[in-house]
Amino acid sequence: MSRKAIEAKKPVERVAPTSMRLDKFLKVSRIIKRRSVANDACSTGHITINGKEGKPGADVRPGDILGIRFGESYNEYEIVSVSEHAQKQDAAEMYRLVKK
């Protein structure tokens, strides 16, 4: 058996991400339903990360505080975990509402 064949049979180790793009986190966690809407919200200054303006490509990590302003409503969320994919019922476990 060749070396390439042996390497191909080895299991791939998946490591949980420690950070994620802001727009992707908002979509995966279902705080915002569509990534394009999350991207627009970030670009127009409606989202802050730890008190600073959040750009769509900014990295977020567990422990960060997101401030989200839509119209008259302002909410703050603490990021509890990041995950590439989340089932609908598990998405709410990715964050905790800090201030409504």
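A nonpolar core is a set of buried Ala, Val, Leu, Ile, Met, Phe, Trp, Tyr and Cys residues joined through side-chain atoms within 4.5 Å. Buried means under 20% relative accessible area, exposed means over 50%, and partly exposed lies in between (1.4 Å probe, protein chains only).

The model is predicted: local features need pLDDT of at least 70, side-chain atom pairs count only at pLDDT 80 or more, and totals for chains, interfaces and linings use all residues. Residues are numbered from 1 along each chain as its sequence is written, and side-chain values use heavy atoms, with hydrogens and water left out.

**Exercise 1. Find the residues that touch the most other members of the largest nonpolar core, and the elements that supply it.**

Step 1. The largest nonpolar core has 20 residues. Leu 22, Phe 25, Leu 26, Ile 47 and Leu 66 touch the most other members.

Step 2. Assign the elements. Helices (H or I, at least four residues) and strands (E, at least two) are DSSP runs, numbered from the N terminus. At least two core residues come from each of α2 (22-28), α3 (35-43), β2 (47-49), β5 (65-70) and β6. The top contributor is α2, with 4 residues.

Step 3. Look around Leu 22. Contact means heavy atoms within 4.5 Å. Beyond neighbours within four places in sequence, Leu 22 contacts residues including Cys 42, Ile 47, Val 60 and Leu 66.

**Exercise 2. Work out which residues of α3 are buried and how they are arranged.**

Step 1. Ala 38, Ala 41 and Cys 42 are buried in α3.

Step 2. Look down the helix axis. The buried residues of α3 fall within an arc of 100° (taken from the directions from the helix axis to the C-beta atoms), so they line one face of the helix. An α-helix has 3.6 residues a turn, so residues three or four places apart point the same way.

Step 3. Find the cover. It includes α2, β2, β3 (52-53) and β5.

**Exercise 3. Classify the aromatic pair, then follow Tyr 77 to Asn 75.**

Step 1. The whole structure holds 1 aromatic pair. Rings of Phe, Tyr and Trp (its six-membered ring) pair if their centres lie within 6.5 Å; planes under 30 degrees apart count as stacked, over 60 as edge-to-face and the rest as tilted.

Step 2. Tyr 77 and Tyr 95 have ring centres 5.3 Å apart and planes at 90°, so the pair is edge-to-face. Tyr 77 is in β6 and Tyr 95 in β7 (residues 95-99), 18 residues apart.

Step 3. Compare the accessibilities. Tyr 77 is buried at 13%. Tyr 95 is partly exposed at 21%.

Step 4. Turn to Asn 75. This residue lies in β6 (residues 73-79) and is buried at 14%. A polar contact of 3.4 Å joins the side chains of Asn 75 and Tyr 77. A polar contact is a pair of N or O atoms within 3.5 Å; within protein, one must be able to donate a hydrogen and the other to accept it, and residues adjacent in sequence count only if both atoms are side-chain atoms.
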